Amino acid sequence: MITRNFSMNVSAIGTDDGKNTYEIRRKWSEKGKKAIVIELYPTIEVENCGMMDVSTMHLLNHVNDFGWGELRIMNLYATVVANKPSVSQLNCNSLAYIEEVLEEKDISTYDIVIAWGNSLSTHQETIKAKIDLLSILDKKGLSANVKCITVNGVSLKTSFGIHPLYLGLHYSKEKWQLVAFPLKDTLTELEKCVKHSKVEDKKAKRSGKKETDKAKEKSVSQKGAE
């Protein structure tokens, strides 16, 4: 017969009005490794930090797979939402806060896990926020610390930055693994998306100008005919 006790210390940082959550920190062991997991947006207010959403539940169910003793969940956006948000709802990013955390003395000992999934993958502001964050990690010499989660049977071509909710729904019984996140390659791809968007915007503006010029010419022609 064996008896084991488990306790977890939970703390959170956010704004006084509860509208923004910058971090929820859970610690249950002095022996395990520390981890920062960066997702997209929070669903828990600071006042209710003892609550657990489904994504966090799945993640905590697999912390032993990674050897973690402490988990710090942060997000690209700080705006707390109850359901999948519209773009207009996400008006406060967390980059300044995350950059401050990345200055901590022991940050080189952390696993820094990218887990923002595929939501808002074509939203330009989100793409720029991802570029900024990955650039910060690169400049601080933390590229080797940056990881992502996968499982056997999931193609790495599609799993870089996969969200724990997806893995929890489809691979809850599998052993989860940490693999290196392709930071520089991802930066290159994201920067291409921004450039492509700018080119498309210019094309759209040129096309709109041509249509406007044609309309003006037609109006002048009609007036001349009258």
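The model is predicted: local features need pLDDT of at least 70, side-chain atom pairs count only at pLDDT 80 or more, and totals for chains, interfaces and linings use all residues. Residues are numbered from 1 along each chain as its sequence is written, and side-chain values use heavy atoms, with hydrogens and water left out. Helices (H or I, at least four residues) and strands (E, at least two) are DSSP runs numbered from the N terminus.

**Strand β2 and its partners**

- Strand β2 (residues 21-27) is largely enclosed by the rest of the structure, because five of its seven residues are buried; buried means under 20% relative accessible area, exposed over 50%, and partly exposed in between (1.4 Å probe, protein chains only).
- Strand β1 (residues 9-14) runs antiparallel to β2 and is joined to it by six bridges; two strands pair if DSSP finds at least two bridges between them.
- The hairpin of β1 and β2 has six residues between the strands, and G18 there takes a positive phi near 80°.
- β2 also pairs with strand β4 (residues 68-75) in the antiparallel sense, over four bridges.
- I24 in β2 is the bridge partner of A12, and I24 stands opposite I73 in β4.

**A buried loop residue**

- S94 lies in the loop between β4 and α3 (95-101).
- With 1% relative accessibility, S94 counts as buried.
- Leaving aside neighbours within four places in sequence, S94 is in contact (heavy atoms within 4.5 Å) with Y22, N75, L76, Y77 and A78.

**Salt bridges**

- There are 11 salt bridges, each a side-chain nitrogen of Lys or Arg within 4 Å of a carboxyl oxygen of Asp or Glu.
- E23 and R72 form one of them (2.5 Å, N to O); the pair links strand β2 to strand β4, 49 residues apart.
- E23 is buried at a relative accessible area of 3%, and R72 is buried at 1% relative accessibility.
- E30 and K27 form a salt bridge (3.2 Å, N to O); E30 is exposed at 70% relative accessibility, while K27 is partly exposed at 27%.
- The side chains of E103 and K140 also meet in a salt bridge (2.1 Å, N to O).
- E103 lies in the loop between α3 and β5 (111-114) and K140 in the loop between α4 (124-139) and β6 (146-150), so the pair ties together parts 37 residues apart in sequence.
- Salt bridges that share partners join E23, R72 and E104 into one network.

**Main pocket**

- β2 gives the most to the lining of the largest pocket, with five residues; a pocket is an open set of points on a 1 Å grid over the protein atoms alone, where a 1.4 Å probe fits, with protein on both sides within 12 Å along at least five of seven lines, and lining residues have an atom within 4 Å of a point.
- Of the 33 lining residues, E39, Y41, S55, H163 and L165 lie nearest the centre of the largest pocket.
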